[in-house]
Amino acid sequence: MKKIKYSEITPEKIYNNRRSFIKSIGIGASSVAMTSLTFAGNALSEEKNKNTSYKDITTYNNYYEFGTSKSDPYINSQNFKTKPWSISIEGEIENPINISMEEISEMFVSEERIYRLRCVEGWSMVIPWMGFSLSKLLSKVTLTSKAKYVEFESVYDPDQMKGQRYPVLNWPYKEGLRIDEALHPLTTVVTGLYNKKLPNQNGAPLRIFVPWKYGFKSAKAIVKIKLVEKMPTSSWMWASPREYGFYSNVNPNVDHPRWSQATERVIGNDIFAPRVKTLMFNGYEEEVASLYTGMNLKRYF
Ligand SMILES: Nc1nc2c(c(=O)[nH]1)N[C@H]1C(S)=C(S)[C@@H](COP(=O)(O)O)O[C@H]1N2
Ligand SMILES: [Mo]
């Protein structure tokens, strides 16, 4: 059995640092508050902030259920069955529900949300997602007073996902957020990208996207959302607690124990193009910094 070592997961070498701003434009946002929120921190339009190509977004992926190399998810996920699909919402709520994809697309309007994905490995992409705020989905359930955290669970199906036949992570893939992070309007339920339905390799039929956190916080192919009282242990915390904390906010001032997080390589750029500076909270500081007032972000990494 192949067990990959975490020391094999390394970022590309750091060349240089130059950088710019973040493009976060929400089109068709349903409220004024949302519109100003998605337009905030939008000061850019340089080359490196242009949308990553559809090809790069859909062929350079991390999705260990389908293999650990970047090309594996595209190659191995094409026949993955995403129908029928439903999500259960359970735990510390008055009214557990199970909601099908059909119901989800009827109940929630997906809008375009162009957000940067910053992987903990040191690369980034700008992706025109389609989706809606997780808070809208969570408004369908009544939280109990013990609902302090949200745990996301990805699908477990080793027959279809050959990566799950190896103990690379403690399957199923799990992630979590504090309840206020989960209810923040930037926290998105993703249903598509580039105005098309979500490709399997990007987490079809439904994945989470949290723009100010490292990419691994954004679980793909989710089947369960569980409200819990205690901080959940995510798959990456379980794999290497020293390297991957619960919060995992993008923070250029807090290095990964084995590499700097100060810069990133923009996918799609020439390989000799300079790296760009990573921004605090991935460029969404204005929107989310208040969630962490008074917290020591080196300790709560
Ligand atoms: N279920 C699941 N979700 C996952 C992963 C995974 O291996 N399994 N990889 C994470 C990581 S490390 C990143 S960077 C992003 C990549 O998303 P993308 O392939 O859509 O760009 O998905 C995240 N979500
Ligand atoms: Mo990642």
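Predicted model: local features only at pLDDT ≥ 70, side-chain atom pairs only at ≥ 80, totals over all residues.
Residues are numbered from 1 along each chain as written, chains are lettered from A and ligands numbered from 1 in the order written, and side-chain values use heavy atoms, without hydrogens and water.

**Entry: ligand 1**

I listed the 16 residues that surround ligand 1 and noted Asn61, Tyr64, Glu65, Ser218 and Lys220 as the closest (a heavy atom within 4 Å). I then looked up polar contacts (N or O pairs within 3.5 Å) and found an N or O atom in the side chain of Asn61 at 2.8 Å from an oxygen atom of ligand 1. Asn202 places a polar side-chain atom 3.0 Å from a ligand oxygen, and for the side chain of Arg207 I also read 3.0 Å between an N or O atom and an oxygen of ligand 1. On its own ligand 1 has 530 Å² of accessible area, of which the protein covers 98% (Shrake-Rupley, 1.4 Å probe).

**Entry: the largest cavity**

I found that ligand 1 sits in the largest cavity (more than half of its atoms within 2 Å of the grid points; on a 1 Å grid over protein atoms alone, a 1.4 Å probe fits in a cavity but cannot get out, and lining residues have an atom within 4 Å of a point). The volume of this cavity is about 380 Å³ (the space filled by probe spheres on the points). Of its 26 lining residues, Asn62, Tyr63, Gly215, Phe216 and Lys220 are closest to the centre. By class I read 16 nonpolar, 6 polar and 4 charged residues in this lining, and strand β5 (residues 123-133) gives the most to it, with 3 residues (DSSP runs: strands of at least two residues, helices of at least four). The count of cavities of 30 Å³ or more comes to 2.

**Entry: the largest pocket**

I also looked up the largest pocket, with about 340 Å³ of space (an open set with protein on both sides within 12 Å along at least five of seven lines). Its lining has 17 residues, and Lys83, Met101, Thr191, Lys197 and Pro205 are the closest to its centre. Helix α4 (residues 101-107) supplies the largest share of that lining, 4 residues, and by class I noted 9 nonpolar, 5 polar and 3 charged residues.

**Entry: backbone**

Most peptide bonds are trans, and most residues other than glycine have a negative phi. Here I found a cis bond between Lys83 and Pro84, with omega about -5°; Pro84 lies in the loop between α3 (72-76) and β2 (86-91). The bond from Ala204 to Pro205 is also cis, with omega near 0°, and Pro205 belongs to the loop between β9 (196-197) and β10 (207-209). Ala221, which is not a glycine, has a positive phi of about 45°, and I placed Ala221 in the loop between β10 and β11 (222-228).

Note on methods: Nonpolar A, V, L, I, M, F, W, Y, C, P; charged D, E, K, R; others polar. Polar contact = N/O pair within 3.5 Å; in protein donor to acceptor, adjacent residues only side chain to side chain.
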